[in-house]
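Hello,

Here is the structure I promised to pass on to you. Have a look at it first, and then read on for what turned up.

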Amino acid sequence: MENILPKLPLGDWIDALVAWLVANFEPLFEGIATGLESFVEGIVLGLGVVPIILLAIIISIVAWKVANWRMAVFTLIGLLLIDNLGYWENMLDTIALVLTSVGISIILGIPIGIWTSQSEVVSKIVTPLLDFMQTMPAFVYLLPAIFFFNIGVVPGVVASVIFAMPPTIRLTILGIKQVPEDLIEATQAFGSTTSQKLLKVQLPLALPTIMAGINQSIMLALSMVVIASMVGAPGLGADVYRAVTQLQTGKGFEAGLAIVIIAIILDRITQNIGKTKTN
């Protein structure tokens, strides 16, 4: 059945917009790409300098201090297993990609969340954008990222940021809005300024909720590592993707297990930051 109205050339408009952005802002995109790539490589080099056993012990101590001794034992055994399977270097690439993506998500997401929680106008603008970012298939983000930044780790980082940032923003908003009204009224009664109310009351009380958002952003960034490998991002995702394309079930399971171990370690550590240790 033919449409009564002619089809909107939406795809053509998007293609024209991307081409215009590339033509007019290429130096900016090149600068961003160079900076992100250097930052990721710096993390990999920094972690790679530390001997494997020492780095595993350091991360295990962090897990012990933040969580408990059982998590520390799991962390040490898990990291040594990754090294034994031969995925240590690729694990460092994955951690660098995730840390960079989550770091950018935090730097951008928390201020946006704070701003949104304080303004209804901003909330009406940001909320539909967050819905769009969370429901659009992650593969779609890779297409403009490739045009802007070429193939490699950078489009993977950019796509991961877009995909992983909404939980940080949403839970920052939620945490601030859940602060009891009587506390807000008390701070206002004592003559606190807006910044004092935010920094000394709202943000400290909202910290567990904000950390839950960061935790979710980390998990989403980790879920993007395989997708990012399709545009040349290194790491464990590339091993999984290669195993899938070559029907190597064992290799795929090994690389997937390494991702699971990293996900559990990061999840448990971030879940317990800001909480009182009870074990």
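Leaving out residues up to four places away in sequence, which residues does Asp 93 touch? Asp 93 touches Val 44, Pro 234 and Gly 235, where contact means heavy atoms within 4.5 Å.

A word on the source before more detail. This is a predicted model, in which local features need pLDDT of at least 70 and side-chain atom pairs count only at pLDDT 80 or more, while totals for chains, interfaces and linings use all residues. Residues are numbered from 1 along each chain as its sequence is written, and side-chain values use heavy atoms, with hydrogens and water left out.

Back to Asp 93, which sits in helix α4 (residues 88–118). Helices here are DSSP runs (H or I, at least four residues), numbered from the N terminus. Asp 93 is buried but has no salt bridge, and the nearest side chain of opposite charge, Arg 242, is 9.4 Å away. Buried means under 20% relative accessible area, exposed over 50%, and partly exposed in between (1.4 Å probe, protein chains only). A salt bridge needs a side-chain nitrogen of Lys or Arg within 4 Å of a carboxyl oxygen of Asp or Glu; for charge, Lys and Arg count as positive and Asp and Glu as negative, with His and the chain ends not counted.

Arg 242 does have a partner: Asp 239, with the closest N and O atoms 3.0 Å apart. Both lie in helix α11, 3 residues apart, about one turn of the helix. Arg 242 is partly exposed at 39% relative accessible area, whereas Asp 239 is buried at 12%.

The structure holds 3 salt bridges. Another one joins Arg 170 and Asp 131, whose closest N and O atoms are 2.5 Å apart. Arg 170 lies in helix α7 and Asp 131 in helix α5 (residues 120–135), so this pair ties together parts 39 residues apart in sequence. There is also a salt bridge between Arg 268 and Asp 267, at 2.4 Å between the closest N and O atoms.

Beyond its neighbours within four places in sequence, Leu 222 is in contact with residues including Thr 94, Val 98 and Ile 259. Thr 94 lies in helix α4 and counts as buried, at 2% relative accessibility.

On the surface there is a nonpolar patch with about 980 Å² of accessible area together, whose members include Ile 53, Trp 64 and Trp 69. Patch residues have over 30% relative accessible area and no salt bridge, with nonpolar side chains (Val, Leu, Ile, Met, Phe, Trp, Tyr) joined within 5 Å and like charges within 9 Å. Areas come from the Shrake-Rupley method with a 1.4 Å probe, and for residues only the protein chains shown count as cover. Helix α2 gives the most to the patch, with 7 residues.

Most residues other than glycine have a negative phi. Leu 247 is placed in the loop between α11 (236–245) and α12 (249–272), and is exposed at 74% relative accessible area.

Best wishes

Terms used:
Helix = DSSP H or I, 4+ residues; strand = E, 2+ residues; numbered from the N terminus.
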